[in-house]
Structure formats: C-alpha cells, structure tokens
Amino acid sequence: MATEPLNGVGAAPGLAIGRAVWWRKETPQVETKTISDAEAEVDRFEETVNQAKEQITRLRETTRERIGEEEAGIFDAHLSFLEDPAYIDEIKNRIRDQKKNAESVCQSVTEEMSQMLSSLPDEYMQARADDIGDVGNRLLLLLSGRQPLDPSLLEAGSVVVAEELAPSDTAQFPPGIAGMVTARGSQTAHAAIMARTLGIPAVLGLGSSIDNVSDGDTVIIDGDEGTIVLNPDADTEEKARREMERQQQLREKALEKAEQDAVTADGERIQVFANIGGLKDIETALANGAEGVGLFRTEFLYLENDHWPTEEEQFDAYRKALEAFGDKPVVIRTLDIGGDKDLPYAELPEEENPFLGHRAIRFCLSNPEIFKTQLRALLRAGVYGDLWMMFPMVENVSEIQEAKSLLDECRQELDQEGIPTADSIKVGIMVEVPAAAIGADLLAGEVDFMSIGTNDLTQYTLAADRGNEQVSHLYDAAHPAVLRLVRQTCEAARKRGIIAGMCGELAGDPEMAEVLIGLGLHELSMSAGAIPVVKEQVRRTQTEEARHLADRVLELDSPQKVRQTAQKG
Ligand code: PEP
Ligand code: MG
C-alpha cells in the first residue's frame, strides 16, 4: 500500500519523483579556550574571513547566472557583514583584549549582533539578523576546519528535504534537483520564489510530518496539490511517472504553439499576458508567447534599491519595458508597498495589521511627492509604447479621483516644462479588495479597465492570510465566494463597456481557464511559464459550455468541488 499523502503548501507547481536527501544545517559546538598568541589567532580569523568572502562571492555568482541579479543581491548583505568593522573589528579586538579563541569570540559577537538586529522594529533589520546568523555559522564552521553543507551530496534527481531553506542554501543546489520539501515556509518564502523561477516542484510548510522523511526514501512531490507521498507502492509510482510524462509532453506541445493567439474553439479571442517583476523577466515572457504585460509589479524597482528610485531611473525602466513589447499593451502597476512588502528606507511605522493598513494606493495618496515621481516617469515613458497604468488596492471612488487628479497635475507640470507625455494612456485599477468587487459598477465608471488580483482578493474575502501556512488549507482562489466576486466584477465591466482582466495567480491555473472564460474574462495575465499551457486550454474551450460550467461551479459549496468539476469540464 502506498502511504497516505502528507499535506503542505504547494509552493511551485509540477510533479516530481526522487530520492530524499536531508539538508541539515550543522551548528558547530564551540569551546572557549584561552590563547597565548593573540596576533596569530587574529591572523587565523582574518584568513577565515577571506575564505568566507570567497565562498559567498562564488555563491553570489552562481545565483546570478542561474537565477538572476535580484536574488543574487541577497548575498551582498552577507558580504557587507564581512566588511563591517562593527562586526569584524569587534571580534579581532576582543580576541586581543580577552585572549580568547576566535571561535568563542566570533560566536558571542554574532549572537549579540543578531539579538540586537532582531529586537529592532523594522522587518528589514530583523531579516538581517538571519543573515548575520548565516554568516556567523559559516565562519564558525570554517574556523573549526569544517565546510558548510556540501552541495555535491545532492545528485541530479534528489529531493531536498529541510526544516527551512535560506537563499544561501537554494543558491548552492546543483542543476537537476528534482524537488524541494520543507517543514517551514509558505508560497511567498524565498525558497518558493526560487523554486518557481527554476521550475522545480516544491511543497513547503509540511510541519512536523516532515520527520517521517528519511534519507533515501522515494518521494513523490505534487507541487500543484501541495502533497508528498513517501515510498509509494509500484503502482502509485508508475502512475505518477506516467502523469509526469504526460505533463511534460503537454508542456512541449504547448510551447510549440506559444506564439500563436489563444482563440476558443468557437472563435473568441482571449488575450494571454505575462506578469513581470522587472526587466529581467521580459525575455522569458516573450519566449513563452506573452501578448503583452498584464501586471508589471513596480515595487521590485523600489525593493532592489536602497533609495527612492528617481524619476529618471523609473523612466528608464518603464521605457525599456514598453519598447520591448512594441505595440503590445503593458500594464504597469503603481507602487504597491506595505502589507508583506516592506521598504527599508521608507521607514514605514509598524502596524498591527499591515495587510489592512497603510499600503499601496493609500500610501501613495498620502505621500504625493513619492507618487508623483512615479506618475511623471510613467507619463513620460508612455510615449514609447502602449501604456496602461493601474492603481493597486483601490477600495472607493474618491481614491481613483484623487489619483487621477495627481496624474493631471503631473501632466500639466510636464507640459509646462516642455517634456513630451503620451496622451493615449489607459488608466485602470486592481480589484483585490471585496469592496471593489462588490462596488465594481461604481468604480467602473471612473476607469478604462479593471484587473482582478485574486491573491489579495482571496485573502480578504476568506480572511485567510496568503502567507500563513497554518491557514493555507482555507486559502483557495477557487472558493465559490471569490468566483462570485469575479463574476460580479466582469458583469460590471461589461455593462460599462470596459475591459476586465485577471492578474492574480488563479489566472495562470490551466484547469480553471474554462471557468474563468465562462465567468466573462477576456484577458488573463500570469507567470510566463504558465502561458503556453493556458493558451492550449483556451483553444480547447467552447464559450457556451464554459458559461454553463461557470454557472454550475458558482452553486457549489467548496473550492475542492469547484476544482473537481472544473477538471471534468
Ligand atoms: C494580487 O493581489 O492578486 C496581485 C496580483 O498582486 P500581488 O500578488 O502583487 O499582491
Ligand atoms: Mg495584490
């Protein structure tokens, strides 16, 4: 008998089968010793610091090549600790003053700094506490003559099993890893983002059931369902392999036709766009057949920097994105900061409920100078392509009016300065708060388009934090309550004669494509990898049947039943 599946969070889609290899982090045991030659001990410490720098620089480089510059930037924080006199000189001074061995001094200084950082209110600084812990651990291992975990243990086809995976872990994994499984972590964890970027199926947040996994076990990972099966019987394994092959063939076939339009079997055109987080995603988006960009998350431009990006820096990025897509539409979302997206230099005050707090359009409207810098950059960049500007987290009509009046102000200023702006820019909103969906008919009168953000709409409708693995069993965008809001929004848009699209994760779920078309969506935007398969699904859809299917699923009483019904079609 195959064992029962263990449940976690499906963090990166796909099926994988492989041998479990535990990735256990060693915390070195440190003894305190008195030393006679302090200078020799300082030299030994300095050599170790250099070794650590070399290792981290290599890790940075591999990450940049394999994943991208943004993710590689994580290691800059590690390197900066190794250059920081408050850390390194403090250790050297204490070795000299206290005549103690480098290991014990390094351990206490690391702990002190880590505690100090984690006690600060700022989330960014708290995250630095983990970074210094990681750096300190590396130094201690090297000082004791050991090496940090050896990635060569991970042969191609291994399933990495860990309590939690830090970016410095995933960055070391050789190509060919079959999948990842962890006890802690959610869909928004670093490991999840890296797994999705690399196309490796991952199930995170398994909790204590991860203790059932031993080295060498055969593991089937189902990254869509968020489950794993340990040591399956021959029959179960064979079925999973056949399903993997089937999925692979579908992906390959879909990729061949990725460039072609997505038209339903009865001739209705559905536009399939890509979600991008920055310029680095453009190539993949185009290679997968994106017909434009349905969501450019501009906050990454802000998150990557250590200062508010200037008008010029933003103009440059938006212009490049617009030029890359030529006459295809590019929806650029204005700054969506707050909630789970902290900005270190913004010094945002701590909030009891950040997701219900001063975020996105709310933050922008109360910081008009910051907002206007972005609006000016967008107006200028609009000259270079088909720009659609979108405001996030809108909840009422006056927010749209205020944002549009700031936009007018910027346009007038630029006109006076003799700087060209585009006059054909479309202005729209994200529908990601239930109030916006329920009142979509009121908001629709103010805009050219609406795009449904199911990631937030789901968490607000179901009162289930999108990043909390403890409530992940409740968080499902296929919940009929969420789908009813989707229909309501599409209806309001249709009556007003404006476009309704979707850019939340649900839009990229091929099994839900028919339902979404049936609900009235004509534009779906998703991570690039999902585009070819969703396009194929659109081609198989008959709109009339899709409408009946949508009617039926809205009457069901659980997301599970919705998904089962959608799968059968
Ligand atoms: C959403 O909420 O669905 C969305 C697309 O925005 P983000 O995931 O960036 O919050
Ligand atoms: Mg959102």
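Predicted model: local features only at pLDDT ≥ 70, side-chain atom pairs only at ≥ 80, totals over all residues.
View 1. The side chain of arginine 333 places a polar atom 2.8 Å from an oxygen atom of ligand 1. Two further contacts involve the backbone: a polar backbone atom of aspartate 456 is 3.0 Å from an oxygen atom of ligand 1, and a backbone N or O atom of glycine 453 lies 3.3 Å from an oxygen atom of the ligand. On its own, ligand 1 has 290 Å² of accessible area, of which the protein covers 99%.

**View 2. The cavity that holds ligand 1 and the elements around it.** Ligand 1 sits in the largest cavity. Strand E11 (293-297) and helix H18 (454-462) are the elements that give two or more residues to the shell around the ligand. The largest share, 3 residues, comes from H18.

**View 3. The residue shell of ligand 1.** The ligand is surrounded by 14 residues, and the closest are Arg297, Arg333, Gly453, Asn455 and Arg466. Sorted by class, the shell holds 7 charged, 4 polar and 3 nonpolar residues.

**View 4. Ligand 1 and the domains of the protein.** Between which domains does ligand 1 lie? Residues of the shell come from both domain 3 (272-427) and domain 4 (432-569), so ligand 1 lies between these two domains.

Note on methods: Residues numbered from 1 in each chain as written. Chains lettered and ligands numbered in written order. Heavy atoms only, no water. Near = heavy atom within 4 Å. Polar contact = N/O pair within 3.5 Å; in protein donor to acceptor, adjacent residues only side chain to side chain. Areas by Shrake-Rupley, 256 points an atom, 1.4 Å probe, with all protein chains shown as cover. 1 Å grid on protein atoms, 1.4 Å probe; cavity = no way out; pocket = protein on both sides within 12 Å on 5 of 7 lines; lining within 4 Å. Sits in = over half its atoms within 2 Å of the grid points. Helix = DSSP H or I, 4+ residues; strand = E, 2+ residues; numbered from the N terminus. Nonpolar A, V, L, I, M, F, W, Y, C, P; charged D, E, K, R; others polar. Domains from an automatic or database assignment.
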